[in-house]
Amino acid sequence: MPLSITFINPWRHTVRTFVLAIGFLFSQIGDSLAAEPRNLGWDDLVPLVTVGENPFEALDFRQKNDLAKLYRIEVKEAATASSFEKSQAKAIRDSLSADGLDADWYFAERERLMAEHTRQFNAPNPEVLAQSVRVPGYILPLEMDGVLAVEFLLVPTVGACVHTPPPAANQLIHVRYPKGYPLRGMYDPVWIIGELKAETQVEMVSYSDGQRHVQSSYVMTAFEVEQYQ
């Protein structure tokens with residue numbers, strides 16, 4: 001009886017598995033690219049920050065006024081306070097102490113609240129990062145290539161950072177767009193499309209009455225910039 005030998009190609013199954021894996025990968029990429037970007041408003045860029053309890057709300061008007069005056073004398077104007085003002089400060093401390101209030105503790109609470117408010121106005125919102133988004137706004141050019149804006153700040157309102165004080169840092173987006181957008185004017189709103197990243201940038205911006213450093217909390221290398229419709 002003749003001997004029958006079957007040769008098995010070990011690469012056949014490996015290649016087939018590889019082709020299937022590549023096909024799956026490209027289908028996933030295709031689905032991702034086809035996904036509609038999420039529309040964001042400027043409020044979406046502000047994180048939810050819990051400031052915590054505000055102990056000043058429980059104070060009456062006199063106590064709040066006394067703390068404010070004491071803070072001015074002992075902290076803000078400590079180097080220039082007169083002898084009379086220092087005697088006033090001592091009397092205020094005695095009055096607050098009689099009410100069971102520790103002025104130094106309230107000063108520390110003031111600093112805590114101020115720090116939390118500052119963080120709220122500067123921190124990026126992690127819920128909007130690393131995903132395809134569309135954000136509307138106005139272009140404040142930083143770098144031009146002829147008539148094309150290739151780097152700019154996206155601002156929420158017309159004239160922000162030029163005719164008015166700058167918005168909070170998390171209300172500004174530093175955009176790079178190598179293709180360039182034909183700038184039609186400051187009153188021409190646009191959509192930017194791409195992924196937001198959390199990155200602090202500081203730019204020198206020219207105002208109508210001078211220059212000022214402006215800080216932003218977001219950056220984006222835009223996939224597309226298009227006229228707002």
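A salt bridge is a side-chain nitrogen of Lys or Arg within 4 Å of a carboxyl oxygen of Asp or Glu. The model discussed here is a predicted one, and the questions below set its computed values against cut-offs of this kind.

Q: Why is the pair of Arg-72 and Glu-85 called a salt bridge?
A: The closest N and O atoms of Arg-72 and Glu-85 are 3.8 Å apart, and the cut-off is 4 Å, so the pair counts as a salt bridge. Arg-72 lies in helix 2 (residues 61–76) and Glu-85 in helix 3 (residues 83–98), so the pair ties together parts that are 13 residues apart in sequence. A search of the whole structure finds twelve salt bridges.

Q: What makes Arg-72 count as partly exposed?
A: Arg-72 has a relative accessibility of 28%, and partly exposed is the class between the limit for buried, under 20%, and the limit for exposed, over 50%. The value falls between these limits, so Arg-72 counts as partly exposed.

Q: With which residues does Arg-93 form salt bridges, and how do you know?
A: One partner is Glu-74, where the closest N and O atoms are 2.8 Å apart; because Arg-93 lies in helix 3 and Glu-74 in helix 2, this pair ties together parts that are 19 residues apart in sequence. Another partner is Asp-104, whose side chain meets that of Arg-93 at 2.8 Å, N to O. This second pair links distant parts of the chain, with Arg-93 in helix 3 and Asp-104 in helix 4 (residues 103–122), eleven residues apart. Each distance is within the 4 Å that the definition asks for.

Q: Are Arg-93, Glu-74 and Asp-104 buried, partly exposed or exposed?
A: The relative accessibility is 26% for Arg-93 and 29% for Glu-74, while Asp-104 has a relative accessible area of 43%. Buried would need a value under 20% and exposed a value over 50%, so Arg-93, Glu-74 and Asp-104 are each partly exposed.

Q: Which residues are linked with Arg-62 in a network of salt bridges?
A: Arg-62 is linked with Asp-66 and Asp-99 in such a network.

Q: Why is the pair of Phe-56 and Tyr-106 called edge-to-face?
A: A pair of aromatic rings is described by the distance of the centres and the angle of the planes. The centres of the rings of Phe-56 and Tyr-106 are 5.5 Å apart and their planes stand at 65°; since rings pair if their centres lie within 6.5 Å, and planes over 60 degrees apart count as edge-to-face, the pair is edge-to-face. Phe-56 is in the loop between strand 1 (38–39) and helix 2, and Tyr-106 is in helix 4, 50 residues apart. Ring pairs also link Phe-56, Trp-105 and Tyr-106 into a cluster.

Q: How do you know that Tyr-71 and Phe-107 form an edge-to-face pair?
A: Their ring centres are 5.3 Å apart and their planes are at 80°, and an angle over 60 degrees is what edge-to-face requires, so the pair is edge-to-face. Tyr-71 in helix 2 and Phe-107 in helix 4 are 36 residues apart, and the pair links distant parts of the chain.

Q: Are Tyr-106, Tyr-71 and Phe-107 buried or exposed?
A: The relative accessible area is 9% for Tyr-106, 13% for Tyr-71 and 12% for Phe-107. Buried means under 20%, so Tyr-106, Tyr-71 and Phe-107 are buried.

Q: What makes Gln-63 buried, and which residues is Gln-63 in contact with?
A: Gln-63 is found in helix 2, and its relative accessible area of 11% is under the 20% limit, so Gln-63 is buried. Leaving aside neighbours within four places in sequence, Gln-63 is in contact with Leu-96, Asp-99 and Leu-101.

Methods
Residues numbered from 1 in each chain as written. Predicted model: local features only at pLDDT ≥ 70, side-chain atom pairs only at ≥ 80, totals over all residues. Heavy atoms only, no water. Helix = DSSP H or I, 4+ residues; strand = E, 2+ residues; numbered from the N terminus. Buried < 20%, exposed > 50% of the residue type's maximum accessible area, 1.4 Å probe, protein only. Phe/Tyr/Trp six-rings, centres within 6.5 Å; stacked < 30°, edge-to-face > 60°. Contact = heavy atoms within 4.5 Å.
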